Amino acid sequence: MVSPQKTFPVSWEELHRTAKALAWRLIALGPFKGIVAITRGGLVPAAIIARELDVRLIDTVCMSSYSEEDSGGTAGVHRPGDLQLLKGDAGKIWGDGTGWLIIDDLVDTGRTAKYVREMLPKAHFATVYAKPAGRPLVDTFVTEVSQDTWIYFPWDIEPQFIQPIAKQQRS
Ligand SMILES: O=P(O)(O)OC[C@H]1O[C@H](OP(=O)(O)OP(=O)(O)O)[C@H](O)[C@@H]1O
Ligand SMILES: Nc1nc2[nH]cnc2c(=O)[nH]1
Ligand SMILES: [Mg+2]
C-alpha cells in the first residue's frame, strides 16, 4: 500500500466540472437503464451525471472500505479496512448489470471496483478520478492522479487559515 505523500484538494466547482466531463464521455455510451452509485463517495457524482444523462432511476451499492481512523483526516495514513457491503438486497433488479452504469468518485487500489464488478460484471463502471492501481478496473474516468496522492473532496474539507509558505519552511 502506497502512503499518500501529496494532496489533491477538489473544490465543488472543480468536481462539478469534472463530473460533467465524465457525463460527456458517458452520453455516447448509453442510454443506461439506471445508475448504481457506490456510497458514499459516488452519490454526488451520480447526482450530477444523472442530471446530465436524464436518468431518474438511481440505486446504491452501500460500501465501506476505509474507516475514519484509517484515513484519519490526514494524507499520511492510508489503510483499507475490511470491505463491507452494507445492504442485503443488492442485485435484486440489476441482474448481471447489463445496461447499468456504476458511478464512484474514484478508484484507488481498485478493491471496491473489483468487488462491485463481481456483483455486476456487465455494468459500465465509471469514476471521476483514478489512480494507476485501480485504473484497469474502470471503463471510463476523467482525471488520473498518482498513487501517492490523497484526493480531498469538497465534503472532506473546509477553508481554513494556512501559514505562508516561508513560515511553513522555517518550522
Ligand atoms: O479503490 P479503493 O482502494 O477500494 O478505494 C476507492 C474507494 O474508497 C472510497 O470509499 P470509502 O470506502 O472510503 O467510503 P466513502 O465512499 O463513504 O468515503 C472511495 O469513495 C471509493 O469508493
Ligand atoms: N477522499 C478519498 N478517499 C479515498 N479512498 C481511497 N483513496 C481515497 C482518496 O484519495 N481520497
Ligand atoms: Mg466510496
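# Burial, contacts and the ligand shell

Modeller: The protein has five helices and eight strands. This is a predicted model: local features need pLDDT of at least 70, side-chain atom pairs count only at pLDDT 80 or more, and totals for chains, interfaces and linings use all residues. Residues are numbered from 1 along each chain as its sequence is written, while chains are lettered from A and ligands numbered from 1 in the order in which they are written.

Colleague: What makes a run of residues a helix or a strand here?

Modeller: Both are DSSP runs, numbered from the N terminus: a helix is H or I with at least four residues, a strand is E with at least two. From the N terminus the order is β-α-β-α-β-α-β-β-α-β-β-β-α.

Colleague: Why is Asp105 called buried?

Modeller: The cut-offs use C-beta atoms placed from the backbone: 20 or more others within 10 Å is buried, 12 or fewer is exposed, and in between is partly exposed. Asp105 has 22 within 10 Å, so the residue is buried. Asp105 lies in strand β5. Over the protein, buried residues make up 28% of the 171 residues.

Colleague: Which residues is Asp105 in contact with, leaving aside neighbours within four places in sequence?

Modeller: Contact means C-beta atoms, placed from the backbone, within 7 Å. Asp105 meets that with Gly41, Gly42, Pro45, Thr127, Val128, Tyr129 and Phe153. UniProt places a "binding site" feature at Asp105, from an unreviewed entry. UniProt positions follow the numbering used here, feature names are shortened, and annotations may be inferred rather than shown by experiment.

Colleague: Which residues does UniProt list together for "binding site"?

Modeller: The unreviewed entry lists Asp108 and Ile151. They are spread over 44 residues of sequence, yet cluster in space, with a largest C-alpha distance of 9.8 Å.

Colleague: How do you know whether Asp108 and Ile151 are buried or exposed?

Modeller: Count the neighbours. Asp108 has 26 other C-beta atoms within 10 Å, so Asp108 is buried. Ile151 has 21 C-beta neighbours inside 10 Å and therefore also counts as buried. Asp108 sits in the loop between β5 and α4, and Ile151 in strand β8 (residues 149–152). Not counting residues up to four places away in sequence, Asp108 touches Lys131, Ala133 and Gly134. With that exclusion, Ile151 touches Phe8, Val10, Leu106, Tyr129 and Val145.

Colleague: What surrounds ligand 1?

Modeller: A residue is near the ligand if its C-beta atom, placed from the backbone, lies within 6 Å of it. 20 residues surround ligand 1, and the closest are Arg40, Gly41, Asp108, Thr109 and Thr112. β2 (34–39), β3 (58–64), β5 (100–107) and α4 (111–119) each give two or more residues to this shell. The largest share, four residues, comes from β5.

Colleague: Why are the buried residues of α1 said to line one face?

Modeller: They are Ala19, Leu22 and Leu26. Seen down the axis of α1, the buried residues fall within an arc of 50°, so they line one face. The arc is that of the directions from the helix axis to the C-beta atoms. An α-helix has 3.6 residues a turn, so residues three or four places apart point the same way. The buried residues of α1 pack against α2 (43–53), β5 and β6 (124–130). On the other side of α1, Glu13, Arg17 and Trp24 are exposed.

Key. Contact = placed C-beta atoms within 7 Å.
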